[in-house]
Amino acid sequence: MAEGDKKGGLFRAIKDFVYGAAAHDSARSALKSKSSMEHLFMVITVGDMLGVPVMPPYYSLRLLPHLVPKIATWKRRMLREKDLTDGFG
Amino acid sequence: MNAVFVLVLGFLVFFIGYRFYARYIDAKVLKADASRDTPAKVYMDGVEFIPTSKNVLFGYQFKSIAGAAPIIGPIIAIQWGWLPALIWILGGALFIGWVQDYSSAMIAMRSDGASFGGLTHRLISPRARIILLSFLYFYLLLIAGAFGNVVVSTVISLKSAPMSWLFLTIAGVLAGQMIYRWKRDILLTTIVTVVLCFAGIVLGSLVPSDALLGTGLANNRFVWAIAAFAFCYLAAILPIWRFSLPINYVASYVVFLGLFFGIIGVFVLHPSFSLPAVTTFSIKIGPVWPIMFVTIACGAVSGWHSIVSSSGTARQLENELDARPVGAGVMFVEMILALFALIIAGTIYTSPAAYSAAAALGPGAIFAAGLSKFLGVLGLPAALGRSYGSVMMVILAITIMQLIIRFMKLATAELLGDVSPLFKNAHIATFLACVFGMVLVLTGWYEYLWVLFGGANQLMASLALMLVTAWLMAEGTSYAWAFYPMIFMFITTIAALCYTSFGLLSKVATGMVKGGALVGNTLMGLIGLFLVVAAFALGIEGVKAFARHRGARKAGAAADAARA
């Protein structure tokens with residue numbers, strides 16, 4: 001059993017390594033694209049939280065329950081100071 | 001000395017460095033704690049901060065840091081003899097290389113995932129951050145020039161390379177289309193595109209570029225420089241999923257299979273070094289110290305790794321204990337890659353004259369010849385092996401180069417965007433980056449360009465170690481293990497940059513270079529001088545920061561004592 005686990009572990013490790021080397025960047029890039037779209041949506045709907053009022057508050061309030069889970073990370077990403085060196089990641 | 005013994009020595013250094021030295025620093029000095037939450041967990045946003053398995057990150061880090069540099073450096077440095085190169089690769093990785101990669105990941109991880117710009121601002125000074133950002137632009141330019149030169153010299157010296165490169169590009173674009181547009185299965189996509197890429201390698205050996213395009217066009221540096229930078233331009237402008245990422249995806253299989261079977265070939269053939277262990281203290285590009293220490297950059301120590309570790313990997317580590325296998329472990333693997341390149345350069349030529357004749361064609365030709373020899377032991381025909389080696393070298397150089405041009409586009413927008421909104425235009429910013437890179441490729445002297453790139457790269461490493469030292473001082477932890485490597489790297493790289501810049505500019509001033517070379521070598525000399533000035537300015541800021549952090553610690557200790 002333990003030997004089987006070990007073999008599975010090694011196979012899994014090799015699989016993860018190949019994924020990390022070949023495809024992890026692509027997966028992260030897809031997530032970043034998705035995040036850019038979501039960011040636009042958040043700016044439009046709850047932009048007034050950052051001083052960018054775009055949409056009438058009535059609609060923002062209607063959408064708020066759906067947006068609540070994402071607001072904290074969105075604000076943190078928006079307000080975190082960034083420079084050129086962040087782009088290397 | 002036998003090549004297998006060199007590899008065994010490499011694995012021994014890997015074992016000692018990773019198992020004892022890195023473990024001691026990790027457990028006793030930085031006290032990595034599995035129960036402490038990492039930024040990937042605390043700030044998980046599903047984008048940049050994502051807890052990721054250490055095995056995935058191992059592959060990600062290796063792919064991000066292993067470009068053409070660990071291969072080309074040893075191939076050039078063997079001109080001083082293989083022994084100095086071997087000592088520097090093993091010693092550099094053991095005492096400096098892993099220290100920098102691992103500690104860069106740790107400092108970013110313990111600072112809420114801050115990148116080097118933010119860390120420099122906080123730990124050194126706001127002014128230091130501005131100097132660092134302008135330093136980075138020229139550093140990127142030198143990488144683009146040096147790697148562009150590798151691509152151009154490889155496709156000219158190995159006529160099978162252009163066809164293989166073309167097929168790789170087609171296979172990559174097809175992979176992007178199949179995955180993202182046609183929603184095809186990833187396994188099917190991988191098989192189809194990798195087979196297509198290998199078909200290009202076979203076709204490249206059957207239809208060389210001079211037979212297809214004529215000798216004049218096949219040997220024209222300007223044409224191939226245009227091709228290389230047009231490739232990078234497309235990679236920087238097109239959506240990343242359409243061009244850049246899928247090409248890298250397909251290329252990674254070609255590279256890993258080649259390296260894997262190449263190293264097996266070394267064990268099967270177990271050749272002995274045929275070039276001299278030590279030649280002379282000084283060669284054409286300069287003396288063994290400081291020039292060799294910057295010629296071999298990646299493989300021993302490289303500033304590029306610290307940037308990847310801090311802004312990419314550190315935000316994905318799910319456990320503090322993973323920083324050692326990912327940061328230190330991957331550096332030692334890269335050291336093995338550099339040893340592989342050293343073995344190629346040191347064993348396949350029977351005399352220094354034969355090496356010099358091959359070196360005139362560029363390091364890509366030497367690598368392809370070596371890989372062909374080691375794959376030949378496993379049954380691959382020599383012509384096919386050379387074609388494989390040539391496309392591997394093009395891949396290793398151009399995948400980093402396209403990334404660099406993309407960063408230069410961002411840097412131009414950030415540094416000059418306030419001067420004129422034109423610089424924020426993606427096409428203009430990319431075009432400028434390509435033009436600067438092409439000027440270096442077409443008019444600079446290759447070996448000096450490589451030394452300048454190595455100098456900038458190693459200087460980046462010393463700046464990373466300066467940040468780590470400042471952080472350790474601020475934390476009140478033992479800092480000698482980062483401080484002394486920093487001092488060594490700082491002095492060595494400043495000396496190398498000064499030597500090379502003054503050498504280039506004096507040749508310009510005395511009229512030894514004329515025509516196009518005048519432009520390239522003047523530009524290279526001035527960039528080198530700028531890097532030296534920037535490094536001194538950063539050094540001064542660093543010394544002030546050290547004094548500030550030590551003073552604050554002493555004041556804190558005195559206040560504690562007074563309260564007690």
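**Where helices cross**

Start in chain B, where B:Ala341, B:Ile344 and B:Ala345 of α16(B) meet B:Ile366, B:Phe367 and B:Gly370 of α18(B). "Meet" here means being in contact, that is, having C-beta atoms, placed from the backbone, within 7 Å. The residues of this contact of α16(B) with α18(B) split into five nonpolar, one polar and no charged. For that sorting, Ala, Val, Leu, Ile, Met, Phe, Trp, Tyr, Cys and Pro count as nonpolar, Asp, Glu, Lys and Arg as charged, and the others, Gly among them, as polar.

Before going on, some housekeeping. This is a predicted model, in which local features need pLDDT of at least 70 and side-chain atom pairs count only at pLDDT 80 or more, while totals for chains, interfaces and linings use all residues. Residues are numbered from 1 along each chain as its sequence is written, and chains are lettered from A and ligands numbered from 1 in the order in which they are written. Helices (H or I, at least four residues) and strands (E, at least two) are DSSP runs, numbered from the N terminus.

Back to our pair: the axes of α16(B), residues 323-347, and α18(B) come within 9 Å and cross at roughly 90°. The two helices are therefore roughly perpendicular to each other. (Angles under 35 degrees count as roughly parallel, over 145 as roughly antiparallel, 65 to 115 as roughly perpendicular and the rest as oblique. Axes are lines fitted to C-alpha atoms, for helices over the stretch in contact, and angles run from 0 to 180 degrees between N-to-C directions.)

Now look at another partner of α18(B). Helix α4(B), residues 69-77, has an axis that comes within 10 Å of that of α18(B), residues 363-376, and the crossing is roughly 100°. That makes α4(B) roughly perpendicular to α18(B). Here B:Ile71, B:Ile72, B:Ile75 and B:Ile76 of α4(B) touch B:Pro363, B:Ile366 and B:Phe367 of α18(B). This contact has seven nonpolar residues, no polar and no charged.

Next, find α15(B). Is it mostly covered or mostly open? Mostly covered: nine of its nine residues are buried. (A residue is buried if 20 or more other C-beta atoms lie within 10 Å of its own, exposed if 12 or fewer, and partly exposed in between, with C-beta atoms placed from the backbone.) Among these buried residues are B:Trp304 and B:His305, and the buried residues of α15(B) pack against α3, α5, α6, α16 and α21 of chain B.

Zoom out, and chain B has 23 helices and two strands. Of its 564 residues, 57% count as buried. Chain B averages a pLDDT of 91, with 100% of the residues at 70 or above; pLDDT is the predictor's confidence in each residue, from 0 to 100.

Chain A has three helices and zero strands, and buried residues make up 20% of its 89 residues. How many residues does each chain bring to the contact between them? Chain B gives 37 and chain A gives 27. The largest share of chain B's side, eight residues, comes from α3(B). That side of chain B divides into 21 nonpolar, 11 polar and five charged residues. As for scores, the model has ipTM 0.85 and pTM 0.92.

Terms used
Two residues are in contact if their C-beta atoms, placed from the backbone, lie within 7 Å.
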